[in-house]
Amino acid sequence: MRNNKDSVNDRMIKYTALPAVYLWLAASGAVVAMGILKPEVVLENIEGFIALIAIIGGTAQPAFATMLELWKAEQQTETELHPSVIESQTRVMEERASIERQMALKAQEHKHMMDAEERRAKIKLVAEGKAVFKLPEKEE
């Protein structure tokens, strides 16, 4: 809903579809309850109860379905186009890209540091004469 104001579709659902659905549920529940408590009354008038439920539920069903579809489409549009949702999604994507860049830089720095440490260790071993391999001696 926009700014806490009901749209036309919201009002149609609230004042038309919901009361009819509640009436249908109440009538169906009453028939079931009466069938449990007084089965002989329901069995004698089963056609009347079926007609009651069918009239309440079936006559206005196409209108209810249309109104519900309009309402769902409106709610979907509001959700998809709401500025805060778009800003939030954009912010999340930017943060995700920033984190990925930072992780790539850290991985690259780590690789360079490890390569440098390995080179330093080799140079130190060679300088101390402890290297596994020896530098070729110059012949004079």
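In this predicted model, E69 forms a salt bridge (a side-chain nitrogen of Lys or Arg within 4 Å of a carboxyl oxygen of Asp or Glu) with K72, and the closest N and O atoms are 3.5 Å apart. Both residues lie in helix α4 (residues 61-81), three residues apart, about one turn of the helix, where helices are DSSP runs of H or I with at least four residues, numbered from the N terminus. E69 is partly exposed at a relative accessible area of 48%, and K72 is partly exposed at 47%; here buried means under 20% relative accessible area, exposed over 50%, and partly exposed in between, with a 1.4 Å probe and protein chains only. Residues are numbered from 1 along each chain as its sequence is written. Local features need pLDDT of at least 70 and side-chain atom pairs count only at pLDDT 80 or more, while totals for chains, interfaces and linings use all residues, and side-chain values use heavy atoms, with hydrogens and water left out.

The structure holds three salt bridges, and among them is the pair formed by D115 and K111, with the closest N and O atoms 3.5 Å apart.

In helix α1 (residues 8-37), L23 is partly exposed at a relative accessible area of 49%.

Technical notes: Helix = DSSP H or I, 4+ residues; strand = E, 2+ residues; numbered from the N terminus.
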